[in-house]
Amino acid sequence: LTVPRITPPSRCRAGRAMPKKDDGTKKPASETVPDQRWKLQVFFVCFYGFMTQIRPGESFITPYLLGADKNFTQAEVTNVIMPVLTYSYMAVLVPIFLLTDYLRYKPVLVLQSLSHISIWLLLVLGTSVLAMQLMEFFYGITMAARIAYSSYIFSLVAPSRYQRMASYSRSAVLLGVFTSSVLGQLCITLGSVSFLTLNYVSLGFVSFGLILTLFLERPQRSLFFNRPEGAGDGAAPAELDKMARGDGGGGIRGWREAALCRMLQEVGALTRQPQLRLWSLWWVFNSAGYYLMLYYVHILWNEIYPAMDNRQVYNGGVDAASTLLGAGASFAAGYVKIRWTL
């Protein structure tokens with residue numbers, strides 16, 4: 001909606017004589033895109049999210065490291081290799097979060113795909129503990145870069161569609177994990193495929209994911225650093241523009257325009273919002289607890305049930321069951337009216 005302008009008295013007669021056209025009114029970017037185009041973009045993003053999760057060997061990394069292929073001890077995997085993932089994730093989480101918005105998503109998604117390829121190359125070719133630690137470091141980068149995919153879809157649609165589109169994108173990711181886990185479990189149990197072969201298959205899929213990444217369009221705007229200019233001229237401001245009023249965006253000059261200074265200013269403005277503080281704390285503790293259990297539970301399974309035959313390793317089946325429930329819940333969340341204000 002555009003706010004009607006007050007016409008000065010001297011221009012009233014001219015206004016009556018020649019009706020004013022409203023064709024030049026600036027509309028939100030998400031509304032100027034043809035209806036069919038944004039739907040195709042959302043579909044491709046969801047397809048991309050699904051395909052990048054097809055890594056059949058991921059559920060079996062721990063038994064692969066402990067098995068005859070790599071022959072690392074349980075103490076090395078638990079105390080030397082696995083902790084690198086958690087610490088590297090925490091170290092790069094905030095920088096990648098800020099760079100994601102500043103670089104407009106796509107470069108970070110390319111970095112994520114390259115990191116995925118590095119992980120599987122190291123898993124296949126690496127033989128030392130240092131190589132596996134480097135593999136876990138790249139794993140931390142891919143985990144931190146997930147924010148790029150989660151927020152990318154918001155640059156394609158209007159704020160009124162955020163909830164439903166977020167549920168679609170998240171469901172696509174979880175369905176990809178489900179498909180990957182089922183595929184890996186079937187290959188291990190029924191096909192008697194080795195863990196090494198499964199990692200080669202995963203390397204092929206992540207390489208295909210890099211190709212898909214290159215076809216993603218780089219958005220012209222983002223939530224923080226690349227907001228639409230002229231928001232006061234009728235263009236719809238970004239959702240977080242309303243929450244951080246007074247920043248002005250284009251009024252900053254000199255050293256204030258430096259990327260690092262802008263990032264710190266944005267973080268300072270957003271931390272003053274109670275809802276964002278609550279959401280951020282919830283996200284930190286939730287993700288940290290989730291990844292802590294996710295990547296150490298495989299070691300616990302090996303301790304409880306040390307299967308000597310690879311066909312009796314059911315990591316993929318357990319991962320498939322848990323992610324299928326999550327995919328259903330994420331899809332349903334897009335159709336549930338949630339009161340976010342606390």
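Predicted model: local features only at pLDDT ≥ 70, side-chain atom pairs only at ≥ 80, totals over all residues.
1. Glu58 is placed in the loop that runs between α3 (35–51) and α4 (61–66).

2. The surroundings of Glu58 can be stated by name. Setting aside residues up to four places away in sequence, Glu58 touches Trp120 and Tyr139. With Tyr139 there is also a polar contact, side chain to side chain, at 2.5 Å.

3. Cavities of 30 Å³ or more number 2 in the structure. The second largest cavity has a volume of about 30 Å³. Its lining is made up of Met82, Leu85, Thr86, Tyr291, Leu292, Tyr295 and Tyr296.

4. Two helices, α5 (74–102) and α12 (274–304), each supply at least two residues of the lining of this second largest cavity. The largest share, 4 residues, comes from α12. By residue class, the lining of the second largest cavity holds 6 nonpolar residues, 1 polar residue and no charged residue.

5. Confidence should be read alongside these points. The protein chain has a mean pLDDT of 77, with 73% of its residues at 70 or more. Residues 1–34 have pLDDT below 50, and this stretch has 15 contacts in the model beyond near neighbours in sequence. Over residues 230–255 the pLDDT likewise stays under 50; for that stretch the model has 25 contacts beyond four places in sequence.

Key: Residues numbered from 1 in each chain as written. Heavy atoms only, no water. 1 Å grid on protein atoms, 1.4 Å probe; cavity = no way out; pocket = protein on both sides within 12 Å on 5 of 7 lines; lining within 4 Å. Points joined across faces, edges and corners; volume = space filled by probe spheres on them. Nonpolar A, V, L, I, M, F, W, Y, C, P; charged D, E, K, R; others polar. pLDDT = per-residue confidence, 0-100. Contact = heavy atoms within 4.5 Å. Polar contact = N/O pair within 3.5 Å; in protein donor to acceptor, adjacent residues only side chain to side chain.
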